[in-house]
Amino acid sequence: MSASPLLSVSQLRVHFPVRGGVMLRQTGAVRAVDGVTLDIGPGETLGLVGESGCGKSTLGKAVVRLLKPTSGSIHFRDIDITRVDQRSLRPLRRDFQMIFQDPAESLDPRMSVRSIIEEPFIIHGLGTRAERVQWVDGLLDRVGLPASAAERYSFEFSGGQRQRIGIARALALKPKLIVCDEPVSALDVSIQSQILNLLVELQQDFGLSYLFIAHDLSVVKHISDRVAVMYLGKIVEVATAEMIYRDPRHAYTKALLSAIPSPDPQARRAKILLEGDVPSPLDPPPGSAFGHRMGHPRYPETIGLDLALRKIAPGHQVAADPCCLTREDWEKLRTAHAGEAVDEMI
Amino acid sequence: MTGVTHNILEVDKLITSFETDRGLLRAVDQVSFVVPEGKTVGIVGESGCGKSVTAMSIVRLLPQPAGKILGGRVMFKGRDLVHASDAEIRRIRGGEIGVIFQEPMSALNPVHRIGRQVAEVFRIHRKITKKDAWDAATEMLKLVRIPAPEMRMMDYPHHLSGGMRQRIVIALALACRPSLVIADEPTTALDVTVQAQILDLMARLQSEMKMSIILITHDLGVIAETCDEVVVMYGGRVVERAGAEELFAHPLHAYTRGLLHSIPTLEKPPKSILSTIPGMVASLADHVHGCRFCQRMGRSSGITRDRPGFAEVSPGHWVETCPECYQP
């Protein structure tokens, strides 16, 4: 992965101002994404998991510049897209697309399926009318929809078929990266597996990279090469999918994994039950957010401590947080790195 | 069989239909199952399979005037709820049968304080003084493990997180110590860690209060973790019914197998091709008399044949015996 990554995000912050009072002065900020560093290689799927409100969707939108980052940088194929204005961004957008959770909301009900899928070509001034007709038919076929679907409207389709339309639209410009924001969470299980299979096939055929955002850890494990776990605006652990499930190091990852109900009554696992809820990103605790939630005795130590990701094993990084690591892991990190943060990814 | 297991609820050939512009739609089509005392029965299926309508038919909370129970019996402690008077069903609902709804925000009234809403249950069902009802409500909040219950009583629903709100809805459902609780997707709107808390809470309260639970969910993981018996529904019908361990170990109906195989699990190799069920859940409007799952699979033989029978093929294991879909 040390070859140049397709997408490289560094110290990204997205804060939303909160205004109040008579003058609507800014009274605070929701720190939705608070210092995230990550890379996605060509042809790779990075899964992003976390609970609602942890900032994963905001991160996904910021990465494709649907939201303006507050600080930090986003490089796409070594081009800095962090502060590029919308006009200059347009030609670059061909390379990164997005699939949304609710295809009913993200497809215009007044447009035929053909015009929905054709629109990206028109915006980018590609092809003649006849060519575009051909391309749309090809895309419909590729995502498993009949050619007759083109002249119908999105609301005539079921949830799974609508998601196929959304995928066809995202594929239209032959992007390099697709941000998938909860693409299967609104679907029934039997339909979910159809869409997951399609995404895997498309990735192999076109060499796509995915940033795959979901709250369902089994789904993320299934589709990802590497998985990043997010908690309250920060990434707390990144590792290969196999490793993060076999050998999670961060207490939050462990709790999250143990909470997944297993579809096997023989294998009822012991659960790590968390108390309380995710703290508000409006007023995050100054130290370790998860240590705070657990009421960990070492929480006071983490105030002012650099909780950046550090390498704990090859291909495995975890936040250097004494509240959330075993004693051995914490000692290992402390001695190995003695203060310096590792910011280059493995 | 050792001892006599009492069934607290017996649903027998229940038929529920909705009047729509396109005619009468049969959402629940001769559904039968039983709920043994103190056990949890899960009803699982995809959207539109009739699982929620089945549950709401039991307590007669169907959308009016469209929803109608057209046949069958729902025997609860010897009484047929289908033919109970409105007054009687109101006494039972919220009293002997508690209901937990999916979306806690819409199950709670946004303009009343939590305390008033919980106390109201006691006022209606127990006819006790305001003061006593308030105290009983505070107790309930303590029971569902809400921190600082006295303070929370004064909060409005929007002050609470999703998990806390669902605890309040559970408190409402359990207030009168019901012997049966119907939980319709109680954790679907919640995050996994909160889901684990709520399922744990329900299991603990179940053993403390000795109640039976009907748990409706689309999540086979939740079923496997919490249920003693499982009812699998498809197209308004029960296609398979068995003890949880038996069902997961020996699924006999093609639909149950399809569902089990299509979920990605932590054990399956990454990016492997998942098995799928082709097509989509059939619309209720395309009613067929024959096998509904054959309809989805596009097997004309099964559609034109008579409706498959429902037989007990091994003790406690019932399956719809369509020659194509029943795979022993």
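In the hairpin of β9(B) and β10(B), 2 residues lie between the strands, and G235(B) there takes a positive phi near 55 degrees. The model is predicted: local features need pLDDT of at least 70, side-chain atom pairs count only at pLDDT 80 or more, and totals for chains, interfaces and linings use all residues. Residues are numbered from 1 along each chain as its sequence is written, chains are lettered from A in the order in which they are written, and side-chain values use heavy atoms, with hydrogens and water left out.

**Strand pairing in chain B**

- Strands are DSSP runs of E, at least two residues, and helices are runs of H or I, at least four, both numbered from the N terminus.
- β9(B) (residues 229-234) pairs with β10(B) in the antiparallel sense over 6 bridges; pairing requires at least two DSSP bridges.
- V231(B) has R241(B) in β10(B) as its bridge partner.
- On β12(B) (residues 317-320), β10(B) has an antiparallel partner over 2 bridges, with E240(B) opposite V319(B).
- Because 6 of the 7 residues of β10(B) (residues 237-243) are buried (under 20% relative accessible area, 1.4 Å probe, protein chains only), the strand is largely enclosed by the rest of the structure.

**Interface of chains A and B**

- Contact (heavy atoms within 4.5 Å) links 44 residues of chain A with 44 residues of chain B.
- One salt bridge (Lys or Arg side-chain nitrogen within 4 Å of an Asp or Glu carboxyl oxygen) crosses the interface.
- The side chains of D225(A) and K271(B) meet in a salt bridge at 3.0 Å, N to O.
- α7(A) supplies 10 residues, the largest share of the side of chain A that touches chain B.

Technical notes: Buried < 20%, exposed > 50% of the residue type's maximum accessible area, 1.4 Å probe, protein only.
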